[in-house]
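Here are my notes for a colleague who is opening this model for the first time. Please read them with the structure in view.

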Amino acid sequence: MLTFILKRLGLAVLVALTVSFISFVLLFLAGDPAAALAGETASGEDIEAIRRLYGFDRPMLVQYVDWLYSAVRGDFGESYYFRLPVASLIAERLSVTMTLGVCGITFALLTAVPLGVAAAIRPNSIIDRVALFLSVAGQAMPSFWFGLILIVVFAIQLGWLPPSGASSPAHFIMPTIVLGYYAMPAIMRLTRAGMLEVLSSDYIRTARAKGAPEGRVLFRHALRNAIIPVVSLAAVQMGFMLGGSIVVESIFALHGAGYLAWESIARNDLPTVQALILVFSMFYIVFTFLADVLNAWLDPRMRSS
Amino acid sequence: MDKPLLSVRNLTIDIPVGGGTLHAVRGIDFDLNRGETLCIVGESGSGKSLTSLALMGLLGKNIRRSADRMDFDGTDLITAGPRKMRALRGGRISMIFQEPMTSLNPAYTIGDQLTEALLLHRKVGREAARARAVELLEKVGITAAESRLSQYPHQLSGGLRQRVMIAMALMCEPELIIADEPTTALDVTIQAQILRLLYDLGREMNMAMILITHDLGVVARVADKVAVMYAGELVETGSAQEVFGAPAHPYTRGLLRCIPLPGKTERGSELGTIPGIVPSLIGDVEGCAFRTRCPHALPECRAEIPRRGAGEHLFRCVHPDGAVSAEDVPA
């Protein structure tokens, strides 16, 4: 188990380095950062001056190593637009995003897994149909539309919940539902499919032949095996929620990291965008790593491979 | 003799399929005493496995089971509720399946899976259960039994897994063990070993055993009673000597001709086969299911088939002697 974890950890670090390099290079392909920074009215000399000031005239590899070395120590430079250290800018926004992401994935898992299990126990029953309807609806409805509907109903008509902002737990209820409902269908379907397959397997018959009660058969024998692919999917969804909740953050005016990313791209705020890409990728890498470890714990066959 | 441990009368299993009902098992009768071994033989699809699952109450939800009588030591298995059946399963009746590679849960250790039934059915602690598991693993011939408890199924070979399955079935010292082709998935070299082991352990613990197989060589060695199954019916039942010594039903004789016997079958001579295929059992099945392949078939075979024979040796055929006189001496 320990060698497995170390191997995965090594792999995660390599992926992180690759991602950091790609994100660094990609931004240079997007255009001359010095020209963008100088603005449309700047003269050639102005651009050259900015190029030297920010070190864009050095070889790219030198710039990358320099940037990476600072980044590892938590220094992502200064935002061109906000004139503030990028690290503190992100840290400030990240708490909102992380709260939303954790709530979102928790909501998704708490609705999707029980619903998927219930649907698999009685395929084609009422509960299976309801689960199918909810998942199709969840996949078909755009987040922004669902979010606006919720605001109209619960904030404007009923007045139960605040429509925007992030100042109290109540502010997070609607964003959580919108974000979680977006991830729910895939998790539900994977749980249902996994449970259906596992429940028809020989070892479930063995468990029943031993006289194990139905609850024990379902949750101890079946769910542990069926949940393995769900763990991997949930990790990816979690990464997505932390990095890609731009739409939801915009609708509910939650000024999180996703919103910051959108602002920074629009303003060509290079250091912020680079740092955010790196942070978002790190989330993916960390959650994938955690999912691998969790799966190895669930499925002993993975530890030896 | 005492009352039989297991008594089955007119067991019938119907499976609804698209376009009708599959009459998979039709009117099976048999009795099994304590300590006895009953072998059910027959080709694939004859309903052997369904019969065993019906006894365990493990048929699929859409499969219909009915019987005039299905009595296990005073418990009526037809009317027994889920709770009662759970108490029997694994505790007093256990089952060994034919797929050792997939019948163990990949997520749990051998020790967890071995002790599960014992912890569910008997009031024993974890330590005692583990000790029992080690004892049984040794009994089924697994070396380093103690260290196996922390291993996972994927770390064991097929033969070892089947030994684990056997040990698992024996944990609660059941009165009846149902082994559904326990050696089919194994190498030929291990098959005989495993069967011998199962048989010896059964004797040692005085367990009744239903052994489902299509290996007649095995049957000849271990069976007290034999039930020959064809297309969902028991065409012939009796003691091993009776069925092997004087096979009455044409199908039984056909089966016996299909196996070569050292010393008896001449080298180079053609092995017997039963021409034709098993009939479809969808829709109404009338008369003898074997008539389409039987060399002695008569128009009367379409009608109700009488049960013949004396004592425990019974068969179903329109011919009073199963048309034995019309054939050469069986191989």
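1. A search of the whole structure finds zero of them over all chains; a disulfide here is a pair of cysteine sulfur atoms within 2.5 Å. Take B:Cys288: the closest cysteine sulfur, in B:Cys301, is 5.8 Å from its own sulfur, too far for a bond. B:Cys288 counts as buried at 12% relative accessibility. B:Cys172 is also buried, with a relative accessible area of 5%. Buried means under 20% relative accessible area, exposed over 50%, and partly exposed in between (1.4 Å probe, protein chains only).

2. Some ground rules. This is a predicted model, where local features need pLDDT of at least 70, side-chain atom pairs count only at pLDDT 80 or more, and totals for chains, interfaces and linings use all residues. Residues are numbered from 1 along each chain as its sequence is written, chains are lettered from A and ligands numbered from 1 in the order in which they are written, and side-chain values use heavy atoms, with hydrogens and water left out.

3. Chain A overall. It has 15 helices and zero strands. These are DSSP runs, numbered from the N terminus: helices are H or I with at least four residues, strands E with at least two. The C-alpha atoms of chain A fill a box of roughly 85 × 55 × 30 Å along the principal axes. Of its 305 residues, 47% count as buried.

4. Domains of chain A. The assignment gives domain 1 (2-72) and domain 2 (86-304); such bounds come from an automatic or database domain assignment. Their centres, taken over C-alpha atoms, are separated by 32 Å. Domain 1 of chain A puts 18 residues into the contact, and domain 2 of chain A puts in 15. Contact means heavy atoms within 4.5 Å.

5. A helix pair in chain A. Helix α5 (residues 86-121) and helix α8 (residues 173-199) pack at an angle of about 35°, with axes 6 Å apart. Axes are lines fitted to C-alpha atoms, for helices over the stretch in contact, and angles run from 0 to 180 degrees between N-to-C directions.

6. An enclosed helix in chain B. Why is helix α3 (residues 110-121) of chain B largely enclosed by the rest of the structure? Nine of its 12 residues are buried. Among them are B:Ile110, B:Leu114, B:Glu116 and B:His121. The cover over the buried residues of α3(B) includes α10 (214-226) of chain A. It also includes α2 (82-88), α4 (126-139), α5 (145-148) and α6 (158-170) of chain B.
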